[in-house]
Amino acid sequence: MTIRTIRPNRGQHYRPRMHCLQKIEAHMVEMQDPKSGLKGAEQKLNVTTIPHVITGQDIIAWLLNKMKVTQEEAEAYGTMLVAYGYIYPLQNHRKLVMCNDGSLYRFQTPYFWPTQKWVAEDCDYAIYLAKRNIRKKGVLEPFEQEHYTHLHTWLNHKWDFIVMQATEQYKAGKERKKPDRVVLDCQERAYWIVNRPPVSVCVLQGFCNDSRKPFFFQNIFYQQAIMRSKVKSSVSLGALVKFVNTYKNHDPFLAPCLPSNPWVTDNDTYWTLNIRRVDQCTKMRVERWSFSFFELLSDQRGRDDFKSFLKKEFSGENLAFWEAAEELKWGSAAAIATKAAVIFKTFLAPGAPRWINIDGRTMGLTVKGLDHPHRYVLDGAQTHVFLLMKKVRPARVPLRPLNGVPLKTAERGPLKDR
């Protein structure tokens, strides 16, 4: 699977689905209504009094009363509001979840709402970090210090301009009242936490693959992945109808099953005839193999028959590798490293006893990934082998002469898309 990174300076701007965000913002306006919305109160944060502070309990209670949903749904919706930056926490600013307790929150100013389409540029973030560095006298959080160092290297050609802008903003901020300064600082910090998460999080999840500028919009990636419309409704419904028509005769609840339905009777012969390994398969079971190649491999009896066929074609190592990859994917976490080492020695290492024939690029990525194995490290190679097995051809067989006329050697076509 290819993960696309979102970089504004490469022409890939964040384009939110405005209709969804407008619905969210309508709720935000209602929540801040002086009559029917949430009632904020002043709260002391360290030694500064912060106005219009609300608690997580009040937000969840308001959502329960307004939207008539369950508590779990209200907490999930509240967490989405925090993750999108409409509400931000005052105490644990890096914990972007809605807690149903006395945790303190504030409404984000509309200037930082996603509908404003303010792209989080590197230069803006560098100015914010430089201003914060001046205010904190060089004491930044670890992830902010790492961001600051990388940006200093990357934007070195205009760092004087960045420092000048940061200094001017810092001087202008000192003229405000202290509560206003604290509120503005919280709002800016909440915005950048949403749009520029810590580098360590990006690295762990595989988003940081550019050593020059390792700052990627992880949250924006998730927003696009969740909100992007994948297919048209008509196409999706058509695929659902096709699936139901294909499998309806094989569903005991949609069609009668023979010899009897064990879910409505005491006769369990149907289960006996369809155990994982059976001497003779029923017609319905064999017919199911023709639906897709994955159906054939999912059935243990079908897989055994296909394994016998591959041995005749001298390619049994492909199915063995596929089974080993499935075992690694769904096995216990404690045995991942051991199983990965065995798979490498058996199928991937030079001169391996059951070496599989895959392209060099896939082999290189797979072997490199096995340095730090995880459940899905063999996905690329497994998909390649799956497609090879799907297109396997039987050996060439001579046909019998017809009416004394010899026929040319024929060859059966590729396996049907099973």
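Author: What follows starts with one loop residue and then turns to some of the helices. The model is a predicted one.

The residue is Asp299, which sits in the loop between helix H13 (293-298) and helix H14 (300-312). Is Asp299 buried or exposed? Its relative accessible area is 14%, and because the cut-off for buried is under 20%, Asp299 counts as buried. Leaving aside residues up to four places away in sequence, Asp299 touches Arg276, Arg285 and Trp289. With Arg285 there is also a polar contact between the two side chains, at 2.7 Å.

Next, the pair H1 and H3. Helix H1 covers residues 18-31 and helix H3 residues 71-83; their axes come within 12 Å and cross at roughly 100 degrees. H1 is therefore roughly perpendicular to H3, since angles of 65 to 115 degrees fall in that class. On the H1 side the contact is made by Ile24, His27, Met28 and Met31, which meet Tyr77, Met80 and Leu81 of H3. Sorted by class, this contact has six nonpolar residues, one polar residue and no charged ones.

Last, helix H7, which has 18 residues, 178-195. From its first C-alpha to its last it reaches 26 Å, close to the 26 Å expected at 1.5 Å a residue. Its buried residues include Val183 and the run Asp185, Cys186, Gln187, Glu188, Arg189, Ala190, Tyr191, Trp192, Ile193, Val194 and Asn195. As background, an α-helix has 3.6 residues a turn, so residues three or four places apart point the same way.

Conventions:
Residues numbered from 1 in each chain as written. Predicted model: local features only at pLDDT ≥ 70, side-chain atom pairs only at ≥ 80, totals over all residues. Heavy atoms only, no water. Helix = DSSP H or I, 4+ residues; strand = E, 2+ residues; numbered from the N terminus. Expected span 1.5 Å × (residues − 1). Buried < 20%, exposed > 50% of the residue type's maximum accessible area, 1.4 Å probe, protein only. Polar contact = N/O pair within 3.5 Å; in protein donor to acceptor, adjacent residues only side chain to side chain. Contact = heavy atoms within 4.5 Å. Axes fitted to C-alpha atoms, helices over the stretch in contact; angles between N-to-C directions. Parallel < 35°, antiparallel > 145°, perpendicular 65-115°, else oblique. Nonpolar A, V, L, I, M, F, W, Y, C, P; charged D, E, K, R; others polar.
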